[in-house]
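Morning, everyone. I have one structure to walk through today, so let me put it on the screen.

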Amino acid sequence: MLQRRRANSDRGSITPLVLGMTLCLLVLAAGVIAAGSAFLGGQRVQRICDGAANAAANSAPSSIARSDPSVTAAALSAAYGYASIRGNDITISINLIDGVVRARCSADVPITFGGVVGYPTLNRTVDSVGEPEYTVG
């Protein structure tokens with residue numbers, strides 16, 4: 001009779017273990033997906049910033065070496081024009097130094113499952129360098 005009671009006391013103990021492990025796996029999967037989403041969002045901002053820096057550098061290649069306000073305004077306008085075509089709300093700042101355009105771009109990228117933990121977006125800031133294309137000829 002004592003053995004029968006012991007056998008019955010373990011009955012059903014596997015269900016909480018399976019549920020707990022399933023919950024752990026779901027949380028782990030959501031974390032991996034969110035991290036991947038943040039990484040890909042940062043890569044997208046980097047690509048747009050690279051293109052914006054090149055567009056700014058090619059806006060006035062012969063006068064990029066000068067750092068006067070009109071050249072800076074034209075370069076910034078070209079950079080924002082490039083970024084606006086891509087449909088992102090990106091903040092761009094540009095510095096013209098020795099014929100090179102240095103751009104710093106910042107954007108809020110959406111994070112998958114971010115709303116569940118209260119952070120639906122993540123601010124990503126990237127730097128890029130653009131040089132004007134020179135043609136020989």
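I'll go from the overall layout to individual residues and their partners.

First, the ground rules. This is a predicted model, so local features need pLDDT of at least 70, side-chain atom pairs count only at pLDDT 80 or more, and totals for chains, interfaces and linings use all residues. Residues are numbered from 1 along each chain as its sequence is written, and side-chain values use heavy atoms, with hydrogens and water left out.

Now the fold. The protein has four helices and three strands. Those elements are DSSP runs, numbered from the N terminus: helices are H or I with at least four residues, strands are E with at least two. Reading from the N terminus, the order is α-α-α-β-β-α-β.

Next, burial. Of the 137 residues in the protein, 28% are buried. Buried means under 20% relative accessible area, exposed means over 50%, and partly exposed is in between, with a 1.4 Å probe and protein chains only. The protein exposes about 9400 Å², and carbon and sulfur atoms supply 60% of that. Those areas come from the Shrake-Rupley method with a 1.4 Å probe; for residues, only the protein chains shown count as cover.

Contacts, then. A contact means heavy atoms within 4.5 Å. Take the contacts between residues at least 6 apart in sequence: 55% of them join residues at least 24 apart.

On to the covalent link. How many disulfides does a search of the whole structure find? One. The cut-off is a pair of cysteine sulfur atoms within 2.5 Å. Here Cys 49 is joined to Cys 105, S to S 2.3 Å. The two ends sit in distant parts of the chain, 56 residues apart: Cys 49 in helix α2, Cys 105 in strand β2, residues 100-110. The torsion about the S-S bond of Cys 49 and Cys 105 is about 80°, so the disulfide is right-handed. Cys 49 counts as buried because its relative accessibility is 0%. Cys 105 is buried too, at 1%.

The rule is a side-chain nitrogen of Lys or Arg within 4 Å of a carboxyl oxygen of Asp or Glu. By that rule, the count is one. The partners are the side chains of Arg 104 and Asp 127, at 2.6 Å, N to O. Arg 104 is in strand β2, Asp 127 is in strand β3, residues 121-130, and they are 23 residues apart. Arg 104 is partly exposed at 45%. Asp 127 is partly exposed at 46%.

Stay on strand β3 for Ser 128. Is Ser 128 buried or exposed? Buried, because its relative accessibility is 5%. Its side chain makes a polar contact with the side chain of Asp 50, at 2.5 Å. A polar contact is a pair of N or O atoms within 3.5 Å; within protein, one must be able to donate a hydrogen and the other to accept it, and residues adjacent in sequence count only if both atoms are side-chain atoms. Beyond four places in sequence, Ser 128 touches several residues, including Gln 46, Cys 49, Ala 53 and Val 101.

There is another serine to look at. Ser 37 lies in helix α2, residues 14-57. Ser 37 is buried at 14%. Its side chain reaches the backbone oxygen of Pro 110 at 3.3 Å. Leaving out residues up to four places away, Ser 37 touches Pro 110, Ile 111 and Thr 112.

Now the loops. Phe 113 is in the loop between β2 and α4, 114-117. Phe 113 has a positive phi of about 65°, although it is not a glycine. It is partly exposed, at 44%. Phe 113 also belongs to a nonpolar surface patch with Ile 33, Val 116, Val 117 and Tyr 119, about 580 Å² of accessible area together. Patches take residues with over 30% relative accessible area and no salt bridge; like charges are joined within 9 Å, nonpolar side chains (Val, Leu, Ile, Met, Phe, Trp, Tyr) within 5 Å.

Last one: Asp 89, in the loop between α3 (69-85) and β1 (91-97). Asp 89 is exposed, at 72%. Its C-alpha is 7.9 Å from that of Asp 108, 19 residues apart along the chain. Not counting residues up to four places away, Asp 89 touches Ser 106 and Ala 107.
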